[in-house]
2 protein chains.
Amino acid sequence: MIIGGAEDRSGKRVILRRFVELAGGVHARLVVVAAASHHPADAGEAYRRLFSDLGVRKVTVMAIADRDGAAEVSRAEAVERASGIFFTGGDQLRLTSLLGGTRLHAALRDAHLRGAVVAGTSAGAAAMSDTMIVEGDSEDAPKKCTVKMAPGMGFLRGAVIDQHFAQRGRIGRLLSAIAQNPAILGIGIDEDTAVEVGPARPLLVVGSRTVTVIDGRSITHTNTSQSAPEEALAITQVTLHVLPSGYGYDLTTRQVTLPPAAGST
Amino acid sequence: MIIGGAEDRSGKRVILRRFVELAGGVHARLVVVAAASHHPADAGEAYRRLFSDLGVRKVTVMAIADRDGAAEVSRAEAVERASGIFFTGGDQLRLTSLLGGTRLHAALRDAHLRGAVVAGTSAGAAAMSDTMIVEGDSEDAPKKCTVKMAPGMGFLRGAVIDQHFAQRGRIGRLLSAIAQNPAILGIGIDEDTAVEVGPARPLLVVGSRTVTVIDGRSITHTNTSQSAPEEALAITQVTLHVLPSGYGYDLTTRQVTLPPAAGST
């Protein structure tokens, strides 16, 4: 579950409830990885309380402040037993630079492969893809210098995630990322919104706002390689979808799927 | 010339120079219509100084504060002699509600038909289309209630204009407008950027940032009519182009045109 940040934590808590449900309901064994945050213990405890309020007894908080923390054997072992893993928000570069290549990282990847639900919110979401957006200008036209990217955690292949999407005017930077390699899908997730991704089924949008999917395969012309970093990019014939809760998107066929009740146009 | 607002007024002044050039250079006879502004005299005088600095001697400022001002015969007569007309920024609803249906409005339309250059910036740009965006939420997912529209001045047919586009995160509201009638093209213009529109040729982008064109004809599914006003809209298969200076767009064929030096991909 890739969450766009600012998920509802006090009302209906649709997204958090869904994560808990996917991870086994009240019998879930959750691990909260607070590595992106500069105050990992606080961030971790906040989520422990939230999951506890939703009925989950077994919540292990990993407040990671340095790579030594990510190397501890006991932490990797706790992940081996987890049915759900939750990455908090903060700074995605902090998350990847602390975790990348550690024993904990390997354990997290194995957990994902054996079927544990892996979720991330805000920076935690941004870090879930192959290539992640580290930072970038919002509210300006797309330029190469607009967005900085780096390797992500690799839980989602073939796509770049952006979060707090509509709320922070981030389409320019997602377009900039996609222009640099249109094979990669752009997925922009609004606040209090998430995508559920599972094997052999389309991704599904949940939450109160929308997910914007940018498919660059249709791009006919681009000046990306010739343009200077601060020059405005030309990007033509991009295919864009805005999808609210209940809508889906098949990552393989790149087709939108409609909710059951939607009927025709 | 439809200008996205905040055009450069002290540096190279590319957009303002281009307007003056199109209107006849130093021999242009310009009319500045300061009707959108709540301080029309100040706004008008500011542009008189700008055009005077660019060598134009004949600048008539029309500081319109009410409909009586727009009914004056002398003003309509000045427009009959104009080679260029410039609408200042402010509030587009103020502009249309003061001018719409007056003698001055008729004279402005006639001037446009006989070949005078008509330009508008910011709110002045928004008012130039058939249907204009009055106001709308920025930085949120598109919803029907996101954008309020009303009849514009009609200088540009078949498109809806938005301005200060990337800088104010306005793509959600432009998508909302287009979802309501995908026959209409969406044209979002960044600050210090403009489109030149002429008969029988593609529109041309000038300025330092970009123009975003949203073509909804490819939309395959929409929930616009069934959704409640505050519900997030689903809009699929929109075609989007981001075009910097030198790029063009043929409004009839809906094809992008490349600048001479762009070469292949």
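In this predicted model, the centres of domain 1 of chain A and domain 2 of chain A, taken over C-alpha atoms, are separated by 23 Å. Domain 1 spans residues 1–125 and domain 2 spans residues 128–258 of chain A. Two interfaces are described below: the one between these domains, which buries about 2100 Å², and the one between chain A and chain B, which buries about 2900 Å².

**Interface between the domains of chain A**

- Domain 1 of chain A places 28 residues in contact with 24 residues of domain 2 of chain A.
- Of the area of about 2100 Å² that the two domains bury between them, 67% lies on carbon and sulfur atoms.
- On the domain 1 side, the greatest losses of area to domain 2 fall on Ile2(A), Gly4(A) and Gln92(A), which together account for 30% of what that side buries.
- One salt bridge is counted between domain 1 and domain 2 of chain A.
- Arg18(A) and Glu196(A) form a salt bridge in which the closest N and O atoms are 2.4 Å apart.
- The elements of chain A that give two or more residues to the domain 1 side are β1 (2–3), α1 (14–22), α5 (92–99), α6 (103–113), β5 (117–121) and α7 (123–126).
- Helix α5(A) gives the most to the domain 1 side, with five residues.
- By class, the domain 1 side that touches domain 2 consists of 15 nonpolar, nine polar and four charged residues.

**Interface between chain A and chain B**

- Chain A and chain B each bring 38 residues to their contact.
- The two chains bury about 2900 Å² between them, with 57% of that area on carbon and sulfur atoms.
- Zero salt bridges are counted between chain A and chain B, whereas ten residue pairs, both residues being at pLDDT 80 or more, are in polar contact.
- On the side of chain A that touches chain B, α8 (171–180) and β13 (235–244) of chain A each supply at least two residues.
- Strand β13(A) gives the most to this side, with ten residues.
- The side of chain A that touches chain B comprises 18 nonpolar, 16 polar and four charged residues.

**Strand pairing between the chains**

- Strand β13(A) is joined by five bridges to strand β13 (residues 235–244) of chain B, and the two strands run antiparallel.
- Within this pairing, Val238(A) has Leu240(B) of β13(B) as its bridge partner.

How values were computed:
Residues are numbered from 1 along each chain as its sequence is written. Chains are lettered from A and ligands numbered from 1 in the order in which they are written. This is a predicted model: local features need pLDDT of at least 70, side-chain atom pairs count only at pLDDT 80 or more; totals for chains, interfaces and linings use all residues. Side-chain values use heavy atoms; hydrogens and water are left out. Contact means heavy atoms within 4.5 Å. Buried area is the accessible area (1.4 Å probe) that two parts lose on being put together, summed over both. A salt bridge is a side-chain nitrogen of Lys or Arg within 4 Å of a carboxyl oxygen of Asp or Glu. A polar contact is a pair of N or O atoms within 3.5 Å; within protein, one must be able to donate a hydrogen and the other to accept it, and residues adjacent in sequence count only if both atoms are side-chain atoms. Helices (H or I, at least four residues) and strands (E, at least two) are DSSP runs, numbered from the N terminus. Ala, Val, Leu, Ile, Met, Phe, Trp, Tyr, Cys and Pro count as nonpolar, Asp, Glu, Lys and Arg as charged, and the others, Gly among them, as polar. Two strands pair if DSSP finds at least two bridges between them. Domain bounds come from an automatic or database domain assignment.
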